[in-house]
Amino acid sequence: MRRGKRFFTQIQKAERPYEYWVEHCEEWRGEKEDRIAVKDFLKVYEMIRPEGTVGDPDCLQRFALQAEQGDYDLIYCDDDVVKNGVRTDPFFRPEYGPETYESYRYIPGLVAVKREILDEYGKDFAEHVRPERMLHIPEVLCHFVKERPADGYAEESDEYARESNDTVSIIILSKDHPELLSRCVDSILSSDPPKGTEIITVDNGSSPENRKLYRDLQRENKIGYFHKPCEFNFSALCNLGAGMAKGQFLIFLNDDVQIPKVSKHFIQRLLAQAKKEHAGAVGMKLLYPESRDIQHCGICLQKSGPSHILCGLPDEREYYFGFNRKTVNVTAVTGACLCIRKSLFDRVRGFDENLPLAYNDVDLCIRLMNRGFVNICINGMYLYHYESATRKKDTLDRAAYEKLKGYREYFAGRHREFIVKKDPFVNPNLTDTRADMSINIEQDWEKSGVEIESGIPEGKIVYVKKGLLCHSDSSVYRISDAYLNEDFFEASGWIFFKRKKIAAYEPAILVSSGEKKVLFDAVRTFRKDVEEVFRRKKDACMSGFYTRVSRKILELEGFSGHMDVTPVLKDKKGRIYICGQRNG
């Protein structure tokens, strides 16, 4: 592909991802219509199309073919909006989930409903079809003209705060952090908890000094305190606390969680969902307190394993039709805040104690789904989570990280059949390599990190004192994410010549250690922030770069320990341009 055309494609992919998806990823169907199949289909089903929409030319054919795969009462598809002749704003719908449906009312788009269901229930047909009798076609077969109507979602009212006879036990694990527990308990007691709520603290071996402080907290706040010196095992300690609990509902809460004043009645909101017959585990949105970025609003299964949806993104924005504002069904919720009926928790035998540090919450949630329950995340309310305040990061301990890999293998072996399937609550047209709910198009970074050249002679390197602008956002060696299949090094930032076309150069990173220098490929990324600063530079939006290099490749190249990483540009002749001047 010529450089100019590739550059245009990169801009299209970054600025107009759905347009790129339609051109390059959407399967061209164009099947010859099977009139007999369509005729037989319309004898059984009524097609319902909302006002202001047009159906895809072969939508009847697609519905008819899919209906032949089984006996369904309701079939629905995905849709988009056509504005000025351009397809935009796709809604890639999930499989049916009762809470997600209540939040989005997403099924009455273009649907096929059995005539007998329509005759019996009329316009409320969707409320009466069992999930296993629904079929979702993950294809855009319906197009709204000009705009899509609002989903009609209304935030939950304060009715959930009314008094009830439900009893609640909050189980908190805490060791040598009485200051965190004090803050957590104070915020719970200030949230107007239901009458009779008990708080149980399980301590697996605090120092004598801290044990005294825990005892003081116990007396002052009338909370339960149980001390059992042992190696940390999240699952075993939670099960121990659950065994002592007297409440009908259990809430597992990290001691580094704080309830903000705006989330008063968070317990009642959790109970309102957990008491539903179909409910499994119920979680809540968690934010990092300083940045107010999202830490958790549900967990999905991706190629690399379980991943926190929208993690690290600022919560001030709405993502994917308000996902981070609504109550939704998800594959799993985090154990940092997890509510469940005690009878159900006992029925599935609690957390798996073979998973002491990781995957225990996801394992529990999948076991609940396998029994027919659905997991729920409340994203219309949030708590603060000072994540990892109570445990050393496994990035600093290679042995601990190897243990995490072992837990991953155990988890994957136990749920292999579930894992190989696509996450039911994430449309296959959405990415399964990132957790940002973006469109599933091949990402350029997947091709990055390829070695271009090693043993680079100084004569090929050009040091530029003026006119070459660059900035490194991060250069990080990542080994902490137990969900990734391989350790890797990543670097990102932006770089461009002030008075030259960006498309004339390719970004790369120069990794060096002592006399050793290796050049690794990088890919362009879209940088709206750079464009806003350098307004006169028309192509500044494509000045970003990103690369990901696996640990194995770095080790093969002889890199270990400290590395210097420098963003560079390279031209057609192989010259390498570095911002600044040569040392020495």
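**Charges over rings.** I looked up K516 and found it over the face of F559, at 5.9 Å from the ring centre. The rule I used: NZ of Lys or CZ of Arg within 6 Å of the ring centre and within 35 degrees of the ring normal. K500 lies over the face of F497, 4.7 Å from the ring centre.

**Ground rules.** I am reading a predicted model, where local features need pLDDT of at least 70 and side-chain atom pairs count only at pLDDT 80 or more, while totals for chains, interfaces and linings use all residues. Residues are numbered from 1 along each chain as its sequence is written, and side-chain values use heavy atoms, with hydrogens and water left out.

**Aromatic pairs.** I paired rings of Phe, Tyr and Trp (its six-membered ring) with centres within 6.5 Å; planes under 30 degrees apart are stacked, over 60 edge-to-face, the rest tilted. That rule gives 20 aromatic pairs. F497 and Y505 make a tilted one, 5.0 Å centre to centre with 45° between the planes. I then checked F497 against Y577: the centres are 5.5 Å apart and the planes at 80°, so this pair is edge-to-face. F497 sits in strand β22 (residues 488-497) and Y577 in strand β28 (residues 576-579), so the pair ties together parts 80 residues apart in sequence. F497 and Y505 are buried, and Y577 is buried too. By buried I mean under 20% relative accessible area; over 50% is exposed, and in between is partly exposed (1.4 Å probe, protein chains only). I also noted a cluster of F91, Y104, Y320 and F321, linked by ring pairs.

**Helix α2.** I listed the buried residues of α2 (residues 17-24), and they include Y18, Y20 and W21. Down the axis of α2, its buried residues fall within an arc of 155°, so they line one face of the helix. The arc is taken from the directions from the helix axis to the C-beta atoms.

**Whole protein.** I counted 16 helices and 28 strands, taken as DSSP runs (helices H or I, at least four residues; strands E, at least two) numbered from the N terminus. Of the 584 residues, 53% are buried. Contact here means heavy atoms within 4.5 Å. Among contacts between residues at least 6 apart in sequence, 76% join residues at least 24 apart.

**Confidence.** I checked pLDDT, the predictor's confidence in each residue, from 0 to 100. Its mean is 86, and 86% of residues reach 70 or more. Over residues 479-485 it stays under 50; the model has 24 contacts beyond four places in sequence for them. Where pLDDT is low, the predicted coordinates should not be read in detail.
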